[in-house]
Amino acid sequence: MVDALYIHVPFCHAKCLYCDFDSRACRDRAAYETYAASMIAYLGRLGDVGALASCRTAYIGGGTPSVLGERLVALASAVHMVAPDLTEFTCEANPESFSGKLARSLARAGVTRISLGVQSFDDAELRALGRLHAADGARAAIAAALDAGLDVSCDLMCGIPLQTEASWTATLDAAIATGVGHVSVYPLTIEDGTPLARKVDAGELPEPDPDFQAWCMEEARHRLTAAGMHPYEVASYARPGKECAHNIAYWTGRSYLGLGRSAASMLDRATYDALRGDLGAPEAADEAARIRFVQTTDALPGGGDGAPAYELEELSAREAAAEDLMLGMRMSRGVGEGMLAYAREVIGTDTLDAAIDEALSRGLAVWREVDGTRRLAPTHDGWLLGNELYGLFWDLADH
Ligand code: SF4
């Protein structure tokens, strides 16, 4: 069963200076049209075999899906046709290619949520990142989405060149003032090969300061929590009921299918075997319990451009259980007894309990009562030192 569907749109109006995502600067409407038409046809083929009928969430990301304009509306409608029981349907957008008209059309097509790449409410910082929008454009895009009745998430970034404590707190306050229900906060990373990396290498810009970024993350937690948004995941804050169900599916071991080049999928063995033929994906090894795969070419199965190619990662039951524990600890509610009991079976009680004891003794995790059940959850230190906590559980994958 596929629980979550992701569709990748690989176009942006221009490349941001820090970006190493799989996206290309493109303003060619014919390319948009071809891409949307081939994705819609592919969705139809998957719909014909009922592959997406069980999806509960869908997410069109990128890139910048909103550059597709009305073609994005057609794509969203096609998603809704083949996955009629969605409880959440998100489209990513950037302010410069988003409007009230597009917001209303997307809402009519069944989209429920917009994730806006805002990054900062400071114009000088936005220019330093090579973003195309200004802070007023971000405010207008958020207002347009909210007016259309859509839930809105806003991405913010810390450690941007020129950013100060004052400008970061102003950005947080500006995000809160817009009335969005969800905020994601990321530290800027300098990725090799990007224009920003070249500026850092040339000494024109300093590396982001990890201490400043840690302060920013703490300040975000403080301000967003005070404004009524709870930190339900290491980088995600939401008003009650506005958590991103699609991302929660990723963090709780649900099967998800990603369509388009560079889109990642993760399917349990039975679902993979059932869909492999329709996806044009290779056979997996007998011992694989979970298959993660990424499409590495533009071609879509049955699209007439040749067969797609995939990179496969095959996980044993033990590796899948360790991965579920690691991802579960990203979430404030942590992991419950059901997942722990399964992990004990697969990994071994003594081995798992030793890892839990270490997380407890190092102050990275704690037993917590959530909705009447006992859960192993990250502490504040576990949130700050996430890589140490996740490493403890991921190491259980080794035999
Ligand atoms: S809008 Fe997003 S995907 Fe596009 S270039 Fe900028 S950071 Fe990359």
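**View 1. Helices H2 and H3 lie roughly parallel in this predicted model****.** The axes of helix H2 (residues 70–82) and helix H3 (residues 100–108) come within 9 Å and cross at roughly 10°, so H2 is roughly parallel to H3. The crossing of H2 and H3 is right-handed. H2 brings Glu70, Leu72, Val73 and Ala76 to the contact, and H3 brings Lys101, Leu102, Ser105 and Leu106. Sorted by class, the contact of H2 with H3 has five nonpolar, one polar and two charged residues.

Helices (H or I, at least four residues) and strands (E, at least two) are DSSP runs, numbered from the N terminus. Axes are lines fitted to C-alpha atoms, for helices over the stretch in contact, with angles from 0 to 180 degrees between N-to-C directions. Angles under 35 degrees count as roughly parallel, over 145 as roughly antiparallel, 65 to 115 as roughly perpendicular and the rest as oblique. A crossing is right-handed if the near helix is turned clockwise from the far one by less than a right angle, and left-handed if anticlockwise. Contact means heavy atoms within 4.5 Å. Ala, Val, Leu, Ile, Met, Phe, Trp, Tyr, Cys and Pro count as nonpolar, Asp, Glu, Lys and Arg as charged, and the others, Gly among them, as polar.

In this predicted model, local features need pLDDT of at least 70 and side-chain atom pairs count only at pLDDT 80 or more, while totals for chains, interfaces and linings use all residues. Residues are numbered from 1 along each chain as its sequence is written, and side-chain values use heavy atoms, with hydrogens and water left out.

**View 2. Helices H11 and H15 pack roughly antiparallel****.** Helix H11 (residues 317–328) meets helix H15 (residues 386–394) at an angle of about 160°, with axes 8 Å apart. That angle makes H11 roughly antiparallel to H15, and their crossing is right-handed. On H11, look for Glu319, Ala322, Glu323, Leu325 and Met326; on H15, the contact residues are Tyr390, Phe393 and Trp394. The contact of H11 with H15 holds six nonpolar, no polar and two charged residues.

View 3. Leu340, Ala343, Arg344 and Ile347 of H12 touch Thr349, Thr351, Leu352, Asp353 and Ile356 of H13. The residues of this contact divide into five nonpolar, two polar and two charged.

**View 4. Three antiparallel strands make an open sheet****.** The strand order is E15-E17-E16. Strand E15 (335–336) and strand E16 (365–370) each have a single partner, so one side of each is left without a neighbour in the sheet. Two strands pair if DSSP finds at least two bridges between them. E16 and strand E17 (residues 373–378) are antiparallel over six bridges, and the bridge partners in E17 include Thr373 for Val370 and Arg375 for Arg368. E15 and E17 pair in the antiparallel sense over two bridges, with Leu376 of E17 as the partner of Val335. Two residues separate E16 from E17 in a hairpin, where Asp371 in the turn has a positive phi of about 50°. Helix H13 (residues 349–361) lies across E16 and E17, running at about 95° to E16.

**View 5. Twelve named residues can be traced around the ligand****.** The ligand is surrounded by Cys12, Ala14, Lys15, Cys16, Tyr18, Cys19, Phe21, Ser23, Gly63, Thr64, Asn94 and Arg131; a residue is near a molecule if one of its heavy atoms lies within 4 Å of it. This shell divides into six nonpolar, four polar and two charged residues. Gly63 lies in the loop between strand E4 (57–62) and H2, and a cis peptide bond with omega of about 20° joins Gly62 and Gly63.

**View 6. Gln119 has a positive phi****.** Most residues other than glycine have a negative phi, and most peptide bonds are trans. Gln119, in strand E6 (residues 113–119), has a phi near 70°.
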